[in-house]
Amino acid sequence: MNRQFLSLLVISASISTAACGSGETYTVESQPEITQSGLHKSAFDSMVDSTQIKLYTLTNADSMEVCITNYGAHVVSITVPGRDGVKRNVVAGFDSIGAYFEAEGVYPGGMEGRFAGYVRDGKTEIDGKPLTLPVGKSGSYTAGGTSPWRKRVFNAEQTSDTTLTLALTSGSEEDKLPGDVAARIDYTLHSDNSLSVNITAMSDAKTLMDATQKIYFNLSGRDSGNVNTHKLAIKSEQYLPIDSLGTPLGHTLMCIWTPRDFNKGKSVSAFMALDKEKYKTEDVKGSYWLLARNRDRKIPVATITSPESGITLSISASYPVLYVRTYTGNGKNPQYITVTPQSFPVGPNYHSWDSSILDKDSVYHTNATYRFGIAE
C-alpha cells in the first residue's frame, strides 16, 4: 500500500491538542454537554479495545447541528429549523452508546461497509479465485457481513466546529475478504445547511468495496409520527427488481409511467404500497433505483419534503444507485425513511454491472451531500 496514502488515513485517537484554522487549540471538551437535540454527550463516553468513544458535534453559523459518534460512524442526530423557526431533530438515533451496543436488526445512521451490497449465496470470485462469504437470513452476504463497520470503533479527529474525520483499518481476517483496507470518512457541515460525507479507501489487495452512510429521516421531527405524507422524488428512469427476500435480481426495468416512477414526486405512502401489493405483506422491502451515468453529480438525485414542518432534504451523490426503505418500528406506519446512495448492490455477481471491485493500491472515493432547506 502506498505509504503516503496510508499515513494520511492513520489518525490519532487523541484529539485534545488538534489545532483549528484560527491558530487556537480546538477541544471537543469545550463543546456543551447537552446538544441542541437534547443528547447528553457523557452518555456516549466509553472505551472499546483501548479506543475512546465519544459524541462529536458539528455546528454552523445557522445553528444547524450534526451529532456523530465514532462508534460505527453513526449519525446520531441532525437538528435543523422548520418553517416555523422551531429546530427539530430529523433523524432516527439512540440516546446513549449502550443502546447502539445492544441494537439488533436496525442500525440507524451507521456506516455500512466494507461491502454494503449483496453477494448472492455468499459466493463470487476475484480474478478467477472463488470467494465464499458468510450469509444471513436473506441467503446472501450483505450489509458488511459479520464484521460490519457500523460496529467498529473509528479513530477520530475534530479540528473545527464544522469538520470531523474518522478512520479505521479493515483487516483481511474480517469475513475472509481479501486485503487490508485503510478507510477515511470526512464530514463537513457547510454554511448552506448541507452535510457532505466523503469516503476514501485503499487496499493492499484486490477486494470488494462499497461503503455508505445509511441515515433514516423524519423531517417532521424524531418521534413526531409517521412519514406517510412526506413527498419523495427520485430522478431515475430504471429500477432494480428484487426477490421476496429483498435481494436484487441482477437486471433493470424501466420505471417511467409505472407505479415506481417517482420523478415528479409522490407520497411515502405510495412507496409503501409498492411492496404491499406485490408481496401481500406489511414488511416493506427496500427498493433500488438506477441513476443516470452521465448526470451532473452536483444536481440532487432525490428530494424529501415534510408538509408538516416545511423542511426539505435534497441528496446529491457520486454513487450509481439509490436504496430506499422505510422503518416502521413496532407498528404498520413508517416512522422514518432512508434514501441511501450506494454502488450496484449485487455487482460482484454480475459482470455487466460495476462490480464494486477495488483494485490493489487504487483509490476508492465516494461523496454524498445532504442539503436541508425550507419548502417554498
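Search the whole structure and you'll find zero disulfides, a disulfide here being a pair of cysteine sulfur atoms within 2.5 Å. This is a predicted model, where local features need pLDDT of at least 70 and side-chain atom pairs count only at pLDDT 80 or more, while totals for chains, interfaces and linings use all residues. Residues are numbered from 1 along each chain as its sequence is written, and side-chain values use heavy atoms, with hydrogens and water left out.

**Cysteines**

- In general terms, a disulfide is a covalent bond between the sulfur atoms of two cysteines.
- C67 counts as buried because its relative accessibility is 0%; the cut-offs are under 20% relative accessible area for buried, over 50% for exposed, and partly exposed in between, using a 1.4 Å probe and protein chains only.
- C255 also counts as buried, with 0% relative accessibility.

**The nine-stranded sheet**

- Nine strands make an open sheet with antiparallel pairing, in the order β12-β13-β14-β15-β28-β24-β23-β18-β21.
- On the terms: helices (H or I, at least four residues) and strands (E, at least two) are DSSP runs numbered from the N terminus, and two strands pair if DSSP finds at least two bridges between them.
- At the edges sit β12 (155–160) and β21 (266–267), each pairing on one side only.
- Eight bridges link β13 (residues 163–170) to β14 (residues 181–189) in the antiparallel sense, and L168 stands opposite A183 in β14.
- Strand β24 (residues 311–317) is where you'll find S314.
- S314 counts as buried because its relative accessibility is 15%.
- Not counting residues up to four places away in sequence, S314 touches P300, A302, T303, T369, Y370 and R371, where contact means heavy atoms within 4.5 Å.

**The five-stranded sheet**

- Another open sheet, with antiparallel pairing, runs β20-β19-β22-β25-β26.
- Its edges are β20 (253–254) and β26; each has a single partner strand, so one side of each is left without a neighbour in the sheet.
- β19 and β20 pair antiparallel over two bridges, with Y239 opposite L253 in β20.
- β19 (residues 238–240) also pairs with β22 in the antiparallel sense, this time over three bridges, and here L240 stands opposite Y288 in β22.
- Within β22 (residues 287–290), S287 and W289 point one way and Y288 and L290 the other, and all are buried.
- Four bridges hold the antiparallel pairing of β22 with β25 (residues 321–327), where W289 stands opposite L322 in β25.
- β25 is mostly covered, with five of its seven residues buried.
- β25 and β26 (residues 336–342) run antiparallel and are joined by seven bridges; R325 stands opposite T338 in β26.

**Nonpolar cores**

- The largest nonpolar core has 62 residues, and those with the most contacts inside it are I78, Y187 and F372.
- A nonpolar core here is a set of buried Ala, Val, Leu, Ile, Met, Phe, Trp, Tyr and Cys residues joined through side-chain atoms within 4.5 Å.
- β14 supplies the largest share of this core, five residues.
- A second, separate core of ten residues includes L39, Y71, I97 and Y100.
- Leaving aside neighbours within four places in sequence, Y187 is in contact with L58, I68, A73, M111, T162, T163, L164, L166, L195, S196, V197 and Q213.

**A buried lysine in a loop**

- K214 lies in the loop between β17 (212–213) and β18 (231–234).
- K214 counts as buried because its relative accessibility is 16%.
- Setting aside neighbours within four places in sequence, K214 is in contact with Y107, P108, G109, G110, E112, Y323, T338 and T340.
- K214 and P341 are 127 residues apart in sequence, but 8.4 Å apart in space, C-alpha to C-alpha.
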